[in-house]
Amino acid sequence: MSGGILSGLRVLDLSRMLSGPYATMMLADHGAEVIKIEDAGGDTSRKNGPFREDDPDQDWAGYFVSLNRSKKSVRLDLKSEAGKAALRGMVRSADVLIENFRPGVMERLGLSYESLSTINPRLVYAAIRGFGDPRSGASPYAGWPAYDVVAQAMGGLISVTGADGAHPTKVGPGIGDVFAGMIAAFGILAALRSAEATGRGQFLDVAMYDAMLSLCERLVYQHDFEGIVPVPEGNGHPLLAPFGLYPARDGMVAIGVVDDAFWQSLARAMDRPGLAFDPAHATRAARRANAGAINAMVSAWTAGLTRDELAQKLGGLIPFGPVNDIAAIFADPHVAARGMIATIAHPEPGKRPWRVAANPLRFADAPAPGPRPPPRLGEHQALAAAAGPPQPLAPQALRRAFGAFATGVTVLTTRQADGTPRGFTANSFASVSLDPPLVMICLAKSAHSCATFAAAPHFAVNVLAEGQEPVAELFASRAPDKFPRCDWRPGHAGMPLIDGALAGFVCARHRLVDAGDHLILIGRVEAFSETAGNPLGFFRGAYVPVGPLNTNKTGENHVPA
């Protein structure tokens, strides 16, 4: 899958700056077609910098290049009727739309989720906001603007970061935006999976405040379990020791001891084997109670050695690593082995490529395609022009064409949750696989029993025989007394089986897939029966004989689990 695991997914990205673009970067890196919808000034991050010396016109900000590689750009004025119409046209063929405006902006533009979903019911609409969307909980801060530092501050992260309570410190990277973007990317893929099965997209939203609180989950249980208000712990850990940063002769290193076995290994490495089983140090609880003394002792030992010397003693023995700056990261063989610095070709001939952090997610059978250059503003404007409504097909002629091939006739049966049998006639049935044994049926969304079959854990496919035209016509109707008017019996899992049918397959639900005005229901065969005879056919709207088949097999069979 050279195009990436998300190849074929189309995303309209109305977001800007970091949170939304980070979410769509994750999707674009793995093959999704991400189309940035920008106004005349473009995404704000286009002018954020930094700029290279070979870019005197400041066209390519590092901020923008890193987050918007492999994307496309269409320029639209969403305050104009023409721009709104163009966006609505693009929504018809989109799988996802994402924006990070404040609540109410898209509604005032006449582009709310509710209005766009009437154009494309499968649309997954993702919103990232500082304090969430009122649809899923109206925050008193809903109208407040927010950036990363606000989310870090209000979501609790800054309250536990820094040397001590008097010096709270913001985390360096924009984690308030980035983590919300990661959650949004997960939500988009989860909603797409639902839409694939049901044909219905949905609105999803992520509040940056909420994402930070989720990231700081430890604060919640500490406050609940111990009744404390956690404060910054410097480079240590409130529950574990030794766990944190320790000085080396030429920098800092990280050590994380949780298990007692790691403490024993560290004690031996420090040439203090007696500490391994000393009651004041041997258990996690004892080390927590004596954290100050233990951290001081470990610091005194590490300070006498270089980072390389510590790596030789502790690397692979306990959780350990040097504190790397970006120069050290560029030189680290791990980064080279994992391909974590990606190279993007510059779109202007002769200029050196850009280097950015690569996507860390790897799929064994679907490697990510190499990153492409970010787009110039409006570079792909033709995509908007080509997004007009599709030319309608003549429905009656199409129906006649679809009827140009003969099919068998089946009655699909199941039971409601209260045990009431349900069934209807269907002409779309096919075997899919022998190992595992799978069959496929098509459910018209307009069918009275569609929702029942879509939710049922088991169903049966009854392949009708010649002479069972009355049964087919009965189950093609909406008569409330179908089952009292035909002969049937309960089969495996209690599923109704029609007497006289040529074959019957009792299936467990395997997968449901949306297919336009139908749902495709795939079932795993758990039991089947067959009798001698010829199948009833259907051709151009009429029941027809199919012809003699040589079979003498009868009886019921069960498929091994």
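Into which domains is the protein chain divided?

**Figure 1. Domains of the predicted model.** The protein chain is divided into domain 1 (10-140 + 172-216 + 339-385), domain 2 (243-324) and domain 3 (395-545); such bounds come from an automatic or database domain assignment. Between the C-alpha centres of domain 1 and domain 2 the distance is 43 Å. This is a predicted model, in which local features need pLDDT of at least 70 and side-chain atom pairs count only at pLDDT 80 or more, while totals for chains, interfaces and linings use all residues. Residues are numbered from 1 along each chain as its sequence is written, and side-chain values use heavy atoms, with hydrogens and water left out.

Figure 2. Valine 11 is found in strand 1 (residues 10-13); helices (H or I, at least four residues) and strands (E, at least two) are DSSP runs, numbered from the N terminus. Valine 11 counts as buried because its relative accessibility is 0%; buried means under 20% relative accessible area, exposed over 50%, and partly exposed in between (1.4 Å probe, protein chains only). Not counting residues up to four places away in sequence, valine 11 touches Thr24, Leu27, Ala32, Glu33, Val34, Ile35, Val96 and Ile98, where contact means heavy atoms within 4.5 Å. Valine 34 is 23 residues from valine 11 in sequence, yet their C-alpha atoms are 4.7 Å apart in space.

**Figure 3. Alanine 184 in helix 7.** Helix 7 (residues 175-198) contains alanine 184, which counts as buried at 1% relative accessibility. Leaving aside neighbours within four places in sequence, alanine 184 is in contact with Ala23, Ile128, Leu204 and Val206. The C-alpha atoms of alanine 184 and glutamate 196 are separated by 18 Å, and these residues are twelve residues apart along the chain.

**Figure 4. Aromatic pairs around phenylalanine 505.** The structure holds 15 aromatic pairs; rings of Phe, Tyr and Trp (its six-membered ring) pair if their centres lie within 6.5 Å, and planes under 30 degrees apart count as stacked, over 60 as edge-to-face and the rest as tilted. Phenylalanine 429 and phenylalanine 505 form a tilted pair, because their ring centres are 5.9 Å apart and their planes stand at 35°. Phenylalanine 429 lies in strand 15 (residues 429-434) and phenylalanine 505 in strand 20 (residues 503-515), so this pair ties together parts that are 76 residues apart in sequence. Phenylalanine 505 also forms a stacked pair with phenylalanine 528, at 6.2 Å centre to centre and 25° between the planes. As phenylalanine 528 lies in strand 21 (residues 518-530), the pair ties strand 20 to a part 23 residues away in sequence. Phenylalanine 429, at 29% relative accessibility, counts as partly exposed, and so does phenylalanine 528, at 26%.

**Figure 5. Strand 20 and its partners.** Strand 20 and strand 21 pair in the antiparallel sense over twelve bridges; two strands pair if DSSP finds at least two bridges between them. Leucine 512 has leucine 521 in strand 21 as its bridge partner. The two strands form a hairpin with two residues between them, and glycine 516 in the turn has a positive phi of about 65°. Strand 17 (residues 458-463) is joined to strand 20 by six bridges, and these strands run antiparallel. Within strand 20, cysteine 507 stands opposite phenylalanine 459.

Figure 6. Four bridges connect strand 22 (residues 536-539) with strand 23, and phenylalanine 538 stands opposite tyrosine 543 in strand 23.

Figure 7. Most residues other than glycine have a negative phi, and most peptide bonds are trans. A cis peptide bond joins glycine 49 and proline 50, with omega about -10°; proline 50 lies in the loop between strand 2 (33-38) and helix 2 (62-67). Another cis peptide bond joins aspartate 435 and proline 436, with omega about 0°, and proline 436 has its place in the loop between strand 15 and strand 16 (437-444). Methionine 17, in the loop between strand 1 and helix 1 (19-29), has a positive phi near 65°. Serine 70 also has a positive phi near 65° and is found in the loop between helix 2 and strand 3 (72-75). Methionine 17 is buried, with a relative accessible area of 17%, and serine 70 is buried at 4% relative accessibility.
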